[in-house]
Amino acid sequence: MTSAAKVSVIVPTYNRAAYLPATLDMLTNQAFICGLKPAARGSIEPAPVHATPSPSTGRGQGEGFAFEIIVVDDGSTDETSSVVAKYGCNVRYERIEHVGLPGPINRGLELARGEYVLLTNDHDLYAPETLAMLTDALDAHTSAVLAVSDVVLVTPDASREVATYTFPYRGLVDGRQFLIEQLLPGIGSIAPHNMFRRDALQGEMLDATYGSSCDVEMWLRLASRGDLVHVPRTLVRVRDRDEGSAHFQANHRLVDQALRAKRAYMPADLEPDTRRAIQAGWRRRVDKSAAVSLWRALEAGRADEKGAIRELARREGTRTGGLAVDALTRLPEPLALALLRSARRLWGEAR
């Protein structure tokens, strides 16, 4: 008798056939040497395989766990289906009509059978021990709803490291503490690749009203419901967004959605100085994000985005930043672009 899947790995994807093989290679070759392999497409149970002891987990023959990899294709128009077909029974594939996020993630959650879920990106790179270490962390800490690791941001071609995100914890962390110290500050999520308990969602899906920032809202929601466990290892290399990313030209909309989510989860009893510091940090990040969005829009010939970017900077940024972005949007576009390119060389590009 085989076991049900312990972990469901969900890979939402859209027109990323060039990057997807590297991600799936790493996910299908996890080094815990588990006692079960992913379920065949369309089957109910994973199939047993022979296993040897794993140095990363200590698991041996019969002591592994089953995992499944679910690729949900959001209506890709490239070679995604052919890429996934090469993995045969190791990957379950489902194609849906293009709806954008969170549609493919929610469909993956509907299909998932695992006790734990790892939500991945279709272009990122995972250490061989990722599943083993995150699973062990949740097994060892029953109050934890999330297991998080450290992350390295790399260039789109993965040839160079851009930044490292290391959490100042070891082991179990209070969910409220993590929410206040890590998830509320800034704009995006610096913990984008978490393994979580599926039942911690309490039957809820990702909220479509947050658009492409729906995962940010989910991490906030889960941290408000339980503890986290930090695995002090760099398990994920996150590729920075390139021009082929659907998010590349939508940065200002992502910022708006993420801030709306963060305001919704700001504790009402948060100490006033902490609240003010977090909000001031948001305004400074909006200044930079609005400038980056304007640069990208002008580079792409999308002058129609200038009004939305100007409005974001005025409403959410600092007064100085709002005035600066407003002035840039009113300059002749070649001049504005030249100034933004110069600024980018000085302070680098925000993700």
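Predicted model: local features only at pLDDT ≥ 70, side-chain atom pairs only at ≥ 80, totals over all residues.
A crossing of two helices is left-handed if the near helix is turned anticlockwise from the far one by less than a right angle.

**Stop 1: helices α7 and α9**

Select residues 251–264, which form helix α7, together with residues 306–316, which form helix α9. Two packed helices are described by the angle between their axes and the distance between the axes. Here the axes come within 10 Å and cross at roughly 30 degrees. Because angles under 35 degrees count as roughly parallel, α7 is roughly parallel to α9. The crossing in which α7 passes α9 is left-handed.

**Stop 2: helices α9 and α10**

How do the axes of α9 and α10 cross, and within what distance do they come? They cross at roughly 165 degrees and come within 8 Å. Since an angle over 145 degrees counts as roughly antiparallel, α9 is roughly antiparallel to α10. This crossing, too, is left-handed.

In α9, select Lys 306, Ile 309, Arg 310, Ala 313 and Arg 314; these meet Gly 322, Val 325, Asp 326, Thr 329 and Arg 330 in α10. The contact of α9 with α10 comprises three nonpolar, two polar and five charged residues.

**Stop 3**

Setting aside residues up to four places away in sequence, Leu 331 touches Ala 336 and Leu 339.

**Stop 3: the nonpolar cores**

Turn next to the largest nonpolar core, which holds 46 residues. The members that touch the most other members are Leu 109, Phe 178, Phe 196, Met 218, Trp 219, Leu 220 and Leu 222. Several elements each supply at least two residues of this core, among them β2 (67–73), β6 (144–154), α5 (175–183) and α8 (272–299). Which helix gives the most to this core? It is α6, with seven residues.

Centre the view on Phe 196. Its contacts, not counting residues up to four places away in sequence, include Leu 109, Tyr 116, Leu 138, Leu 201, Met 218, Trp 219 and Leu 222. A second, separate core of 35 residues includes Leu 20, Tyr 116, Met 133 and Val 229.

**Stop 4: backbone details**

Most residues other than glycine have a negative phi, and most peptide bonds are trans. The next selections depart from these patterns.

- Leu 101 and Pro 102 are joined by a cis peptide bond, with omega about 10 degrees. Pro 102 is in the loop between β3 (92–95) and α3.
- Asn 15 has a positive phi, near 55 degrees. Asn 15 sits in the loop between β1 (7–13) and α1 (20–28), and its relative accessible area of 27% makes it partly exposed.
- Gln 202 also has a positive phi, near 55 degrees. Gln 202 lies in the loop between β9 (195–197) and α6, and it counts as exposed because its relative accessibility is 55%.

Key. Residues numbered from 1 in each chain as written. Heavy atoms only, no water. Axes fitted to C-alpha atoms, helices over the stretch in contact; angles between N-to-C directions. Helix = DSSP H or I, 4+ residues; strand = E, 2+ residues; numbered from the N terminus. Parallel < 35°, antiparallel > 145°, perpendicular 65-115°, else oblique. Core = buried A, V, L, I, M, F, W, Y, C linked by side-chain atoms within 4.5 Å. Buried < 20%, exposed > 50% of the residue type's maximum accessible area, 1.4 Å probe, protein only. Contact = heavy atoms within 4.5 Å. Nonpolar A, V, L, I, M, F, W, Y, C, P; charged D, E, K, R; others polar.
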